[in-house]
Amino acid sequence: MTMELRLDLKPGPPVAILIKANVTVPEVRINVDSIDFGNVIVGRCYTYTVVLHNPKEVFAEWAVKPPLEGGKDFTHFACSPNNGTLAPNGKLHVEVTFTPGVERPYATKLNFKCANNNKPAVLACVGHGRDLKVACVPDQIELPPVMPHADASFTVVTPPLSESA
């Protein structure tokens, strides 16, 4: 952006000052567009690390915001850190954690909003909460008698559960 500023000096001739400026809108970018956390046991968490990058020549003040629509699952996805300031051409590792509360699919969009920029960087996150299912087949096991302080060991083998169980 270039602008000419005219100054009338008295006594003396008018002077023109040429002003040049590089107007830059701050911006942040994420190294991935989406994360699929897959199946996660209810009550446990899974963490994925993304890289936040400031490609501009100015500092970028950013924060993670919930989506305007469909944000019911936003609370099950957390970022650490969830806000900050990135130096020009700076990079930062951000941990995104998914913690399901019940067995069901989860999906949300994390908006990495940058101050003075209307367009956020969007990270789509999906995951599926799964209950931990344990089954013993047979449901009863008879063990032989063991003397106190005797060295004895037993092995119980359970079959793997199918995805539909």
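Guide: Start with F112, which touches V28, I30, L52, W62, A63, V64, C79, V94, P120, A121 and L123, leaving aside residues up to four places away in sequence. This is a predicted model, in which local features need pLDDT of at least 70 and side-chain atom pairs count only at pLDDT 80 or more, while totals for chains, interfaces and linings use all residues. Residues are numbered from 1 along each chain as its sequence is written, and side-chain values use heavy atoms, with hydrogens and water left out.

Visitor: What makes V28 or L123 something that F112 "touches"?

Guide: Contact means heavy atoms within 4.5 Å. V28 and L123 are among the residues that F112 touches.

Visitor: Why is a group of residues here called a nonpolar core, and which of them have the most contacts inside it?

Guide: The term covers a set of buried Ala, Val, Leu, Ile, Met, Phe, Trp, Tyr and Cys residues joined through side-chain atoms within 4.5 Å. The largest such set has 25 residues, and those with the most contacts inside it are V28, V96, L110, F112 and L123. Two or more residues each come from β4 (34-41), β5 (46-53), β6 (60-65), β7 (77-80), β9 (91-98), β10 (105-114) and β11 (121-130). The most comes from β10, with four residues. In soluble globular proteins, nonpolar side chains tend to be buried together.

Visitor: What makes a run of residues a strand, and how many strands and helices does the chain have?

Guide: Both kinds of element are DSSP runs numbered from the N terminus: a helix is H or I over at least four residues, a strand is E over at least two. By that rule the chain has 11 strands and zero helices.

Visitor: How many disulfides does a search of the structure find, and why is C114 not in a bond?

Guide: A disulfide is a pair of cysteine sulfur atoms within 2.5 Å. The search of the whole structure finds zero. C79 is in none, since the nearest cysteine sulfur, that of C125, is 6.9 Å away. The sulfur of C114 is 15 Å from the closest cysteine sulfur, in C79, and is therefore too far for a bond.

Visitor: Where is A115, and which residues does it touch?

Guide: A115 is in the loop between β10 and β11. A115 touches P26 and E61, not counting residues up to four places away in sequence. The C-alpha atoms of A115 and A60 are 6.9 Å apart, although 55 residues separate them along the chain.

Visitor: What is the phi of N116, and what is the phi of N89?

Guide: Most residues other than glycine have a negative phi, and most peptide bonds are trans. N116 has a positive phi of about 65°, in the loop between β10 and β11. N89, in the loop between β8 and β9, has a phi near 60°. As for peptide bonds, the one from K10 to P11 is cis, with omega near -15°, and so is the one joining S80 and P81, with omega about -5°.

Visitor: How does the chain's radius of gyration stand against that of a compact globule?

Guide: The radius is taken over C-alpha atoms, and the globule rule is 2.2 Å times the number of residues to the power 0.38. For 165 residues a compact globule would be near 15 Å, but the chain has 29 Å. Its C-alpha atoms fill a box of roughly 115 × 40 × 20 Å along the principal axes.

Methods:
Buried < 20%, exposed > 50% of the residue type's maximum accessible area, 1.4 Å probe, protein only.
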